[in-house]
Amino acid sequence: MKRNKDEKFLKTEKTPVEPFDPSALIEVQHLTKSFGELKVLDDISEKIFHGEKIAVIGPSGSGKSTFLRCLNVLEDPTDGHVFFEGNNLCNLKVDINVQRRRMGMVFQQFNLFNNMTVLKNITLAPIHVGLLELKKSKRKIFALKLKNLFKSKANKLPVPTLQTSAKKIKQDAEANAMRLLNRIGLADKANVYPSTLSGGQKQRIAIVRALAMNPKVMLFDEPTSALDPEMVGEVLSLIKELADEGMTMVIVTHEMAFAREVATRVLFMDGGKIQEQGTPEQIFGSPTNARLKEFLSKVL
Amino acid sequence: MYTQIAANTFEQIITIFSKPEYSNYLWLGLGTTLYISVCAALLGILLGTLVAMIKIQPDSKVWVAPKFICGIYTTVIRGTPMALQLFIMAFVIFAIRGFPLEITAILAFGINSGAYVSENIRAGILSIDKGQTEAGRALGLSSGYTLFRIIIPQGMKNVIPAIGNELIALIKETSIVSMAGTVFDLTYVAKVMGAPNELATYLAPMLVVAVFYLIIVYALTLVIKLIERRLRKSEKK
Ligand SMILES: Nc1ncnc2c1ncn2[C@@H]1O[C@H](COP(=O)(O)OP(=O)(O)OP(=O)(O)O)[C@@H](O)[C@H]1O
Ligand SMILES: [Mg+2]
């Protein structure tokens, strides 16, 4: 590995990389994000470990969404580094698409693909990725066979047989999608277009769409803020189910009761910094930071 | 008197269609107009797509120069008259003896409509909610795959009618091609047929080619409507 020396990062003015903590699932180092003059994230360093359920709270405009979007580099950090499973996502040599496949993201506005049925929404990425991998292994087998042409019988390299096919990938993805739809009780909606669904249905489908990629972590950006009140419950209970199953998650939310119930750790953000963090009991029960106290007095 | 003119004109129209010396002109004109229009439209759509793809790229170092060039292209083309662009093509850039004027015209009209098509496509793509792209990218799909699988299929719906209008304008605009020299397009053959030593009247030939233009444009309108309906159907159910 002749890395390090010629590493290229998203932006030029990068702080040097510090050794990352291999036990952390996500580690951000000196994360800074500016929009022009406006510094939205100010030198944040934080680690997220397997199985943690992190709630990010804070006043509007404090940079919560930006922080979340920097975790999968949907927003390019201005400075600092983001490690996911030891890969530096700010390093241009790391294939960001491959990394993102292991990070599910759920948006406030659902963002289901309007031009596809529910089933297709869920299977699009798994099938595409499956076919890409199939192509790769086919190429590898072809290269091996080519090499074997020039080898004597005794020296021939073993050629693996293809375990899968395009058809099987598609069938598996669809079966998995139907299993997920059954789980949320929307199997009958498999072949309809998103425009015919309620907000709560859309968001639950958006969640299982992310789950279909078997992510290591789920990132939620105010998943219930765009919903009518009577639909908030169904979405929160699905998220809680995932939490109970052990899914690592980071959830930006204004639902304080939910944060208190589900989170293992709460981060309070304000002014582009994590002002205070701790267990829900600490944050909601005995806050110390003045801004946090003020924030809680407004929202509770 | 008017009935006389009408009767004469009717007779001349019959003549145009029945006498090969005239009808051959007509079919030649139709062929030339269609040839120039279709080739220019293809070039325009190709060029327009390319320019639109460049223009929607992010503001990064790699794309600064191409985006700048594309910006100049659309500004200049949309800001100057078509006839002038045709003349510059014919009398400056391709002022080569024997260079076929049809080709010059195809290039001039194609480059011209490319500028408009690119703006239509760009607007169509930008009209799609950013969240659609973000959802695709967050799933680990590449930007190209997201664009072609998610954004363009949705943008098409808005783009097709606009491009259709652009193509209709293009067909009609090709009528100025003979201003740059001798090209037997529909408009020019009407002029030739109406000359004093031929039919000696412009009314009948002009009427005939007007109907020809109308039919072409109307047929195109129908095709566009059909495509539009198809695209809409696939989204709603
Ligand atoms: N693409 C952008 N361009 C310019 N400014 C932006 C952009 N995205 C966010 N901002 C600004 O950055 C600041 C933080 O935004 P962010 O969305 O991260 O806040 P937030 O904590 O999620 O707020 P909310 O609770 O309202 O969602 C805001 O002042 C916002 O206006
Ligand atoms: Mg936000």
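Here are two exercises on a predicted model, each with a worked solution. Local features need pLDDT of at least 70 and side-chain atom pairs count only at pLDDT 80 or more, while totals for chains, interfaces and linings use all residues; residues are numbered from 1 along each chain.

**Exercise 1.** Work out which strands of the chain A sheet stand at the edges.

*Solution.* 
- Start with the order: this open sheet has 6 strands, β6-β7-β8-β3-β9-β10 of chain A, with mixed pairing. Strands (E, at least two residues) and helices (H or I, at least four) are DSSP runs, numbered from the N terminus, and two strands pair if DSSP finds at least two bridges between them.
- Now look for single partners: β6 (103–106) and β10 (273–278) of chain A have just one partner strand each, so one side of each lacks a neighbour in the sheet.

**Exercise 2.** Describe how α1 and α9 of chain B meet.

*Solution.* 
- Take the axes, lines fitted to C-alpha atoms over the stretch in contact, with angles from 0 to 180 degrees between N-to-C directions. Those of α1 (residues 2–18) and α9 (residues 203–233) of chain B come within 8 Å and cross at roughly 65 degrees.
- Next, pick out residues in contact (heavy atoms within 4.5 Å). Among them are B:I5 and B:F17 in α1(B), and B:L203 and B:F212 in α9(B).
- Finally, sort by class: you get 10 nonpolar, 2 polar and no charged residues. Ala, Val, Leu, Ile, Met, Phe, Trp, Tyr, Cys and Pro count as nonpolar, Asp, Glu, Lys and Arg as charged, and the others, Gly among them, as polar.

Conventions
Chains are lettered from A and ligands numbered from 1 in the order in which they are written. Side-chain values use heavy atoms; hydrogens and water are left out.
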